[in-house]
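Me: I'd like to go through this model with you, one question at a time. Shall we start with the ligand and then look at a few individual residues?

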Amino acid sequence: MKDFDRKALLRAAMAARKFSYAPFSHFYVGAALLSTDGRIFTGCNIENSAYSPTLCAERCAVAKAVSEGVREFAAIAVVGPEDGETTPCGVCRQVLYEFCDENLVVLCGGTDSHYTETTLGELLPKAFRL
Ligand code: THU
């Protein structure tokens with residue numbers, strides 16, 4: 001599914017960003033994961049006083065989808081708190097790769113209307129899989 005409403009997915013990520021809990025970094029992130037059956041699962045980052053339990057927005061969205069029985073995805077939009085793109089961290093790239101192949105479309109946006117489009121294959125070349 002390469003033909004989908006990119007602006008709508010970015011809007012869903014921006015809406016999810018409003019729920020971000022980031023009292024430590026103040027780096028508020030939202031994500032919106034599009035399944036191949038056309039559903040959108042949103043996520044936000046959820047930080048923790050102990051720091052390491054922090055959940056990124058992308059993994060929040062993946063957990064919501066997989067826990068509802070959805071495992072096939074076409075695209076994800078990620079939106080950070082700054083102008084210009086925010087890209088998924090390395091851990092999130094690997095978690096996405098567990099359920100997606102290199103063709104997953106990744107939209108990276110921010111607070112302005114500018115966004116970039118890439119793929120998981122570009123972001124995580126020679127990815128590891130058991
Ligand atoms: N963060 C995400 O939610 N997604 C990313 O891919 C980059 C990092 C969050 C984690 C943490 O709450 C904050 O941004 C700063 O690293």
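Me: How do the residues of the shell around the ligand divide into nonpolar, polar and charged?
Reply: Happy to start there, keeping in mind that this is a predicted model. The residues around the ligand are Ser 25, Phe 27, Val 29, Asn 45, Glu 47, Thr 54, Cys 56, Ala 57, Glu 58, Thr 87, Pro 88 and Cys 89. Sorted by class, this shell gives six nonpolar, four polar and two charged.

Me: What share of the ligand's accessible area does the protein cover?
Reply: Let's begin with the site: the ligand sits in the largest pocket. On its own, the ligand has 370 Å² of accessible area, and the part of this that the protein covers is 79%.

Me: Is Arg 6 buried or exposed?
Reply: Arg 6 belongs to helix α1, which spans residues 6-17. Its side chain is joined to that of Glu 117 by a polar contact of 2.8 Å. The relative accessible area of Arg 6 is 17%, and because the limit for that class is under 20%, Arg 6 counts as buried.

Me: How far apart in space are Thr 87 and Leu 107, C-alpha to C-alpha?
Reply: In sequence, Thr 87 and Leu 107 are 20 residues apart, while their C-alpha atoms are separated in space by 8.4 Å.

Me: Which class of accessibility does Tyr 51 fall into?
Reply: Tyr 51 is in the loop between β2 (40-44) and α2 (57-66). Its phi is near 65°, a positive value in a residue other than glycine. With a relative accessibility of 57%, and because the class begins over 50%, Tyr 51 counts as exposed.

Me: What is the phi of Lys 126?
Reply: Lys 126 lies in the segment after α4 (120-123). At 87% relative accessibility, this lysine counts as exposed. Although Lys 126 is not a glycine, its phi is positive, at about 50°.

How values were computed. Residues are numbered from 1 along each chain as its sequence is written. This is a predicted model: local features need pLDDT of at least 70, side-chain atom pairs count only at pLDDT 80 or more; totals for chains, interfaces and linings use all residues. Side-chain values use heavy atoms; hydrogens and water are left out. A residue is near a molecule or strand if one of its heavy atoms lies within 4 Å of it. Accessible areas come from the Shrake-Rupley method with a 1.4 Å probe; for residues, only the protein chains shown count as cover. On a 1 Å grid over the protein atoms alone, a cavity is a set of points where a 1.4 Å probe fits but cannot get out, and a pocket is an open set with protein on both sides within 12 Å along at least five of seven lines; lining residues have an atom within 4 Å of a point. A molecule sits in a cavity or pocket if more than half of its atoms lie within 2 Å of its grid points. Ala, Val, Leu, Ile, Met, Phe, Trp, Tyr, Cys and Pro count as nonpolar, Asp, Glu, Lys and Arg as charged, and the others, Gly among them, as polar. Helices (H or I, at least four residues) and strands (E, at least two) are DSSP runs, numbered from the N terminus. Buried means under 20% relative accessible area, exposed over 50%, partly exposed in between (1.4 Å probe, protein chains only). A polar contact is a pair of N or O atoms within 3.5 Å; within protein, one must be able to donate a hydrogen and the other to accept it, and residues adjacent in sequence count only if both atoms are side-chain atoms.
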